[in-house]
Amino acid sequence: MRRKLVVANWKMHGNLERNRLLLQEIVAGVQGLHNADFAVCVPHPYLFQAQQMLAATNVAWGAQNVHQAEQGAYTGAVSAWMVADFGCTYAIIGHSERRGQFRETNECAARSMKLAIKAGLVPIYCMGETLDEYEAGVTEAVVASQLDGVLNIVGIKLFSKVVFAYEPVWAIGTGRTASPGQAQAVHEFIRARIAKHDLEVAAGLRILYGGSVKPANAAQLLVMPDIDGGLIGSASLAADEFVAICRVANGAPGSKRRV
Ligand code: PGA
């Protein structure tokens, strides 16, 4: 049985005081929910704060990116080991905002993923098509190339240590979301493609959906058999909304392994 996982992606939002209030409310809101996993991915400067506030709770924390090199002359960059020093469980890798705004490639994501795993982190690898690609009907081809691009470098065995996230770029921050059926179809496609390499890895893999997930649409999405949780952007900045989504995940029927 795959446990649902709900991950907040705060992006470049927050300050010490706001974070403190938000984390306090999230911790209080998810206390006692033990049927699903929860995490908050904060900007790098706030990892220490997250560690201090979340250490004794059922909310894990993580980073939003790690560099593709172990260390060196990379001004402004942060390594997997640096974030691991602050007790992170997760690191988001290959988010479409990194791909689009910072020109990060599949190869770069693959290198970051390998280092994240080496540093003891669970990478959350993001994939998804742009609006143009969606409208051109090439979603599967795009997702396949993003998947194969890392698979070739990371290797199938390490995929057992990775969480995937399907995030159609046209649904991120737009209020427009993939229908549960559309999202399920892509998740199923991802799992089937991985199953061609390793059935067991595919069956155990958690694939999150991201892109305007809100309390109002979470239940329909999370009930889908191949949707194992959510990566939540804007709704994660309001404690009541994020907690509501966590509650849905906690109560959702567990997805059975099926490949
Ligand atoms: P959104 O962001 O929930 O605001 O659409 C999701 C993400 O980018 O991870």
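## Basis

In this predicted model, local features need pLDDT of at least 70 and side-chain atom pairs count only at pLDDT 80 or more, while totals for chains, interfaces and linings use all residues. Residues are numbered from 1 along each chain as its sequence is written, and side-chain values use heavy atoms, with hydrogens and water left out.

## Barrel

Eight strands form a closed barrel in the order E1-E2-E3-E4-E5-E6-E7-E8, with parallel pairing. On average, neighbouring strands of this sheet are turned by 25 degrees against each other, direction ignored. Axes here are lines fitted to C-alpha atoms, for helices over the stretch in contact, and angles run from 0 to 180 degrees between N-to-C directions.

Strands (E, at least two residues) and helices (H or I, at least four) are DSSP runs, numbered from the N terminus. Two strands pair if DSSP finds at least two bridges between them. Strands of a sheet pair through backbone hydrogen bonds, either parallel or antiparallel.

## Strands E5 to E7

Strand E5 (residues 122-127) pairs with strand E6 (residues 163-166) in the parallel sense over 4 bridges. Ile124 stands opposite Val163 in E6. E6 also pairs with E7 in the parallel sense, over 3 bridges. There, Phe164 stands opposite Ile207 in E7.

E7 is covered on both faces. Ile207 and Tyr209 lie on one side, Leu208 and Gly210 on the other, and all are buried. Buried means under 20% relative accessible area, exposed over 50%, and partly exposed in between (1.4 Å probe, protein chains only).

Strand E8 (residues 229-232) pairs with strand E7 (residues 207-210) in the parallel sense over 2 bridges. Gly210 stands opposite Leu231 in E8. From E7 the chain crosses through helix H10 (residues 215-222) to E8, and this β-α-β crossover is right-handed. Right-handed means that, with the strands pointing away from the viewer, the path from the first strand over the helix to the second runs clockwise.

On its other pairing, E8 runs parallel to strand E1 (residues 4-9), joined by 4 bridges. Leu5 stands opposite Gly229 in E8. Gly229 and Leu231 point one way from E8, Gly230 and Ile232 the other way, and all are buried.

## Largest pocket

The largest pocket has a volume of about 620 Å³. A pocket is an open set of points on a 1 Å grid over the protein atoms alone, where a 1.4 Å probe fits, with protein on both sides within 12 Å along at least five of seven lines. Grid points are joined across faces, edges and corners, and the volume is the space filled by probe spheres set on the points.

The lining holds 21 residues, each with an atom within 4 Å of a point. Closest to the centre are Met12, Gln64, Asn65, Arg98 and Phe102. Helix H4 (residues 96-101) gives the largest share, 3 residues. The lining divides into 8 nonpolar, 9 polar and 4 charged residues. Ala, Val, Leu, Ile, Met, Phe, Trp, Tyr, Cys and Pro count as nonpolar, Asp, Glu, Lys and Arg as charged, and the others, Gly among them, as polar.

## Two residues

Glu129 sits in the loop between E5 and helix H6 (131-135). Glu129 is buried, with a relative accessible area of 0%. Its C-alpha atom is separated by 6.9 Å from that of Val143, 14 residues apart along the chain.

Val248 belongs to helix H11 (residues 239-251). Val248 is partly exposed, at a relative accessible area of 22%.
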